[in-house]
Amino acid sequence: MAFIPFLTAGAQQAAGPAGLAGSFIPLLLIIVIFYFFLIRPQNKKQKETERMLSALKKGDKIITIGGIHGVISSVKENTVIVKVDDDCKIEFNRTAISTVELSDAEKARLAEEAAAKKSKKFSLGKKKTEDADAQAPSSEETK
């Protein structure tokens, strides 16, 4: 029992300013991890959804949150009127729209853009190696 006060006094000295800073490092690390894995992706998704909702136009094929498929027949400030069947039109809030289906032309355009980006990355890497080969003296030039 006589050694306990000495142990606690030593622990208090060790937990001084350096020990306090050391205890905040894991907390800061957790905050950074939460930011990059939870907060940032959620903000990106929210901005993407807002962009999609603001870009709605007549003729877009949509799916609502409730699973109703239809085509937008008119767009208002906060609502859209969706044509579900030949004689059936329903008015929805913009926020009730889950996704906008892409037309075949838009799908083809996006596929071409992705292929162009991929080939551009490949060609840049290939060009760098060709430039490096061109700058390096050949064995005939060194002789």
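Analyst: Start with Y35. Its relative accessible area is 39%, so Y35 counts as partly exposed, because that class lies between the 20% limit for buried and the 50% limit for exposed. F36 is partly exposed too, at 46% relative accessibility. Keep in mind that this is a predicted model.

How many aromatic pairs does a search of the whole structure find? It finds one. The rings of Y35 and F36 form an edge-to-face pair, because their planes stand at 80°, and the cut-off for that class is over 60 degrees. The ring centres are 5.1 Å apart. In general, such a pair is described by the distance of the centres and the angle of the planes.

Now the wider setting. The protein chain holds four helices and five strands. From the N terminus, the order of elements is α-α-β-β-β-β-β-α-α. Helix α2 covers residues 17–54. Of the 143 residues in the chain, 13% are buried. The accessible surface is about 12000 Å², and carbon and sulfur atoms account for 62% of it.

Next, the inside. The largest nonpolar core has 10 residues: M52, L53, L56, I62, I72, V80, V82, F92, A96 and I97. Two elements, α2 and β3 (79–83), each give two or more residues to this core. F92 is one of the core residues. Beyond its close sequence neighbours, up to four places away, F92 touches T64, I68, N78, T79, V80 and V82.

Then the sheet. The five strands form an open sheet in the order β4-β3-β2-β1-β5, with antiparallel pairing. Its edges are β4 (89–93) and β5 (97–101), and each of these pairs on one side only. From one strand to the next, the twist averages 45°. In general, strands of a sheet pair through backbone hydrogen bonds, either parallel or antiparallel.

Follow the pairings one by one. Strand β1, residues 61–64, pairs with β2 over three antiparallel bridges. I63 stands opposite H69 of β2.

Strand β2 spans residues 69–75, and four bridges join it to β3, antiparallel. In this pairing, S74 stands opposite I81 of β3. V71 also lies in β2. V71 is partly exposed, at 33% relative accessibility. Leaving out neighbours within four places in sequence, V71 contacts G59, D60, K61, I81, V82 and K83. V71 and K89 are 18 residues apart along the chain, and their C-alpha atoms are separated by 9.4 Å.

One last figure covers the chain overall. Take the contacts between residues at least 6 apart in sequence: 34% of them join residues at least 24 apart.

To return to your request: the rings of Y35 and F36 meet edge-to-face. Y35 is partly exposed, and F36 is partly exposed as well.

Technical notes: Residues are numbered from 1 along each chain as its sequence is written. This is a predicted model: local features need pLDDT of at least 70, side-chain atom pairs count only at pLDDT 80 or more; totals for chains, interfaces and linings use all residues. Side-chain values use heavy atoms; hydrogens and water are left out. Rings of Phe, Tyr and Trp (its six-membered ring) pair if their centres lie within 6.5 Å; planes under 30 degrees apart count as stacked, over 60 as edge-to-face and the rest as tilted. Buried means under 20% relative accessible area, exposed over 50%, partly exposed in between (1.4 Å probe, protein chains only). A nonpolar core is a set of buried Ala, Val, Leu, Ile, Met, Phe, Trp, Tyr and Cys residues joined through side-chain atoms within 4.5 Å. Contact means heavy atoms within 4.5 Å. Accessible areas come from the Shrake-Rupley method with a 1.4 Å probe; for residues, only the protein chains shown count as cover. Two strands pair if DSSP finds at least two bridges between them. Axes are lines fitted to C-alpha atoms, for helices over the stretch in contact, and angles run from 0 to 180 degrees between N-to-C directions.
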